[in-house]
Amino acid sequence: MSARTIPTSTKMTPFIALACVILLALAPKTIAALVNFPLTADTVNSDPSAHGGNIVNTLADTFAYDPASPTAPTPATAWSGATHFHGAGGNPTVYFTLSAAMTWVAGSDLQFDFYGRTGCCPDRDNNYDIALLTGGATGTVVNEVLGNNAPDAGTPLANYLRTDMGAGLTDGDTFDTVRIVGNNINFTIAEVRLAGDIAAVPEPSAFALFGLASFGLMLRRRS
Ligand SMILES: [Ca+2]
Ligand SMILES: [Ca+2]
């Protein structure tokens with residue numbers, strides 16, 4: 001058996017290398033699918049709850065949250081102090097922390113799912129504001145979406161709203177906290193979830209670096 005040799009064109013090699021580099025540079029950042037970004041209720045900085053509610057109740061429902069189908073199944077939304085947060089006056093403000101700080105990369109996706117109360121008073125959650133902060137509850141607002149309005153009726157789930165939190169973010173923005181401000185003294189939350197897909201930061205691969213080096217070497221030899 002004799003090894004078959006493939007003739008190599010020294011004229012083509014640098015262009016192949018350059019093509020590899022260009023293709024790698026232009027390769028789209030892959031976005032797979034939204035996944036649940038676990039949140040923790042910041043009980044220290046959140047406003048207290050009235051009527052037996054608690055901010056931890058907004059993350060405690062055991063429904064099988066599916067970011068691709070956030071209203072099937074659904075959490076319990078009928079008002080109960082055992083399953084909700086209930087404002088206690090002013091502009092009820094609550095904070096949730098992410099498990100780790102995240103840095104936004106162009107092409108990423110970030111959605112906030114809000115499940116409001118049903119059974120009574122679904123308008124009490126209307127016009128709430130959602131902000132992303134860096135540096136915790138007392139940190140800096142990186143992005144804020146004002147005037148969110150969960151429809152008071154509808155199917156499959158009344159008083160639910162998904163908000164695109166990535167729309168106002170730019171490359172390099174870092175955030176670790178979600179803040180919600182209600183604009184009703186009785187602002188109520190049944191449940192919340194944050195789902196995202198942060199695109200990978202493209203890094204020069206060894207292959208791309210090799211291609212660049214080869215291209216540079218070829219240019220030197222030809223000149
Ligand atoms: Ca709940
Ligand atoms: Ca509403």
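1. Pro 156 sits in the loop that links β7 (140–148) to β8 (160–164). Strands here are DSSP runs of E, at least two residues long, and helices are runs of H or I, at least four; both are numbered from the N terminus.

2. On provenance: this is a predicted model, in which local features need pLDDT of at least 70 and side-chain atom pairs count only at pLDDT 80 or more, while totals for chains, interfaces and linings use all residues. Residues are numbered from 1 along each chain as its sequence is written, and chains are lettered from A and ligands numbered from 1 in the order in which they are written.

3. The β7–β8 loop also holds Asn 159. Asn 159 is not a glycine, yet its phi is positive, about 60°. Is Asn 159 buried or exposed? Asn 159 is buried, because 24 other C-beta atoms lie within 10 Å. The cut-offs are as follows: 20 or more other C-beta atoms within 10 Å of a residue's own makes it buried, 12 or fewer makes it exposed, and anything in between is partly exposed, with C-beta atoms placed from the backbone.

4. Pro 73 belongs to the loop between β2 (39–41) and β3 (85–86).

5. The β2–β3 loop contains His 51 as well. His 51 has a positive phi of about 55° and is not a glycine. His 51 has 14 C-beta neighbours inside 10 Å, so it counts as partly exposed.

6. Gly 119 is in the loop between β5 (109–115) and β6 (128–134). It counts as exposed because it has 12 C-beta neighbours inside 10 Å. Which residues does Gly 119 contact, leaving aside neighbours within four places in sequence? They are Ala 78 and Trp 79; a contact requires C-beta atoms, placed from the backbone, within 7 Å. Thr 77 is 42 residues from Gly 119 in sequence, and their C-alpha atoms are 8.0 Å apart.

7. Now the overall picture. The protein has 2 helices and 11 strands. Along the sequence the order is α-β-β-β-β-β-β-β-β-β-β-β-α. Of the contacts with a separation of 6 or more, 82% are between residues 24 or more positions apart. Of the 223 residues, 28% are buried.

Terms used: Contact = placed C-beta atoms within 7 Å.
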